[in-house]
Amino acid sequence: MLPKILFRLSLNFGFACIAVVCYLWHEMLDVNLTLAPFSLLGVAIAIFLGFRNNASYARFTEARLLWGNLLITERSLLREVKSLMPDPAEQARYFTSLLIAFTYCLKHQLRKTDMRIDVDRLLAPSERNSVLNSHSPCNTLLLKMGMWLGEQRRLGRISDISFHSIDSNLNHLSSILGGCERISNTPIPFAYSLIVHRTVYLFCALLPFALVSDLHYLTPLVSVFISYTFISLDSLAEELEDPFGMAPNDLPLNAISATIEINLREMIEDDEKPIPMKPDHHCLLS
């Protein structure tokens, strides 16, 4: 977080130094800013930042719950398919490839990255083009899973009760997809973010000129510390607003996707599992 806001803090430090250098000059002109308006404005900014951070964190929390439910639902789907099908080994392997492909396609769709490598790795050549050329690859994969399930029912391989149970989990996958798309495609209103940005930066730029009469040469130190509080909260809210990005505070979708693939491949006793991702510097996952 600090490297991201370091330039803005440097600007504040520069304004504070200017305030110290010009203190005698604007005192001669009888221009003296007091801390009273800044105290009132600081309270108002803190309230606005609190609302914005709460809204951003709510989006982050919902996204985290959706991806947690994705893991649970895909485990349940594969468990049902493997336990209810008469020839589970062959059918479960095909269904697993669709589930894993759905996970990676959802990750790439949310991050707006190229999904071709994962699709080529997971799907048969006959199915790749229909997924890659689709406007919504994840929805296409859901359709393939639904058509496969309907075919198993028509062939009498699963009962009506089993069909409805598996189909219910497929509908849950569709709900997870819709929830992720809603978060990704509906940002916090730009006007609200813009007002908070401008107010915070104006407050931090003028603050040294109100502090200098009392703090003198300590003004840069105190001003930077106060500005760090406001600017870091504003920057954190901006990161959490899009929880599917690749910033340090966003969801580690690469690690979650790899975990889902490992879990599903273990359920079908497949040894071609990816290596589990470990935190970078003991704290960061991509």
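Trainee: How many aromatic pairs does a search of the whole structure find?
Mentor: This is a predicted model, in which local features need pLDDT of at least 70, side-chain atom pairs count only at pLDDT 80 or more, and totals for chains, interfaces and linings use all residues. Residues are numbered from 1 along each chain as its sequence is written, and side-chain values use heavy atoms, with hydrogens and water left out. Rings of Phe, Tyr and Trp (its six-membered ring) pair if their centres lie within 6.5 Å; planes under 30 degrees apart count as stacked, over 60 as edge-to-face and the rest as tilted. Searching the whole structure on that basis, the number of aromatic pairs is five.

Trainee: What is the angle between the planes of F38 and F203?
Mentor: These two rings form a tilted aromatic pair. Their centres are 5.8 Å apart. The angle between the planes is 55 degrees.

Trainee: How many residues apart are F38 and F203?
Mentor: Helices (H or I, at least four residues) and strands (E, at least two) are DSSP runs, numbered from the N terminus. F38 sits in helix α3, and F203 in helix α9 (residues 190–215). The pair links distant parts of the chain, with a separation of 165 residues.

Trainee: Are F38 and F203 buried or exposed?
Mentor: The classes rest on relative accessible area: under 20% is buried, over 50% exposed, and in between partly exposed (1.4 Å probe, protein chains only). By that scale, F38 and F203 are both buried.

Trainee: Which parts of the chain do F95 and W148 tie together?
Mentor: F95 and W148 form a tilted pair, 4.9 Å centre to centre, with 35 degrees between the planes. The two parts are 53 residues apart in sequence. F95 has 0% relative accessibility and counts as buried. W148, at 6%, counts as buried too. The parts tied together are helix α4 (residues 88–111), with F95, and helix α7 (residues 137–154), with W148.

Trainee: Which residues do ring pairs link into a cluster?
Mentor: Start from the tilted pair of F38 and F203. Ring pairs link these two and one further residue into a cluster: F38, F203 and F230.

Trainee: What is the radius of gyration of the protein chain?
Mentor: The chain has 11 helices and zero strands. The radius of gyration is taken over C-alpha atoms; the globule rule is 2.2 Å times the number of residues to the power 0.38. For 286 residues that rule gives 19 Å, and the chain's value is well over it, so the chain is more spread out than a compact globule: its radius of gyration is 27 Å.

Trainee: What does the C-alpha trace span along its principal axes?
Mentor: Buried residues make up 43% of the 286 residues. The C-alpha trace of this chain spans about 95 × 30 × 30 Å.

Trainee: Is C105 buried or exposed?
Mentor: C17 is partly exposed at 29% relative accessible area. C105 has 1% relative accessibility, so C105 counts as buried.

Trainee: Which backbone oxygen does the side chain of S76 reach?
Mentor: S76 lies in helix α3 (residues 36–84). At 17% relative accessibility, S76 counts as buried. Its side chain reaches, at 3.0 Å, the backbone oxygen of I72.

Trainee: Where does K112 lie?
Mentor: K112 is not a glycine, although its phi is positive, about 55 degrees. With 66% relative accessibility, K112 counts as exposed. Its place is the loop between α4 and α5.

Trainee: What phi does H216 have?
Mentor: H216 is in the loop between α9 and α10 (219–241). At 35% relative accessibility, H216 counts as partly exposed. H216 is not a glycine, yet its phi is positive, about 55 degrees.

Trainee: How far apart in space are S168 and L77?
Mentor: S168 is found in helix α8 (residues 160–185). At 43% relative accessibility, S168 counts as partly exposed. S168 and L77 are 91 residues apart in sequence, and their C-alpha to C-alpha distance is 9.4 Å.

Terms used: A polar contact is a pair of N or O atoms within 3.5 Å; within protein, one must be able to donate a hydrogen and the other to accept it, and residues adjacent in sequence count only if both atoms are side-chain atoms.
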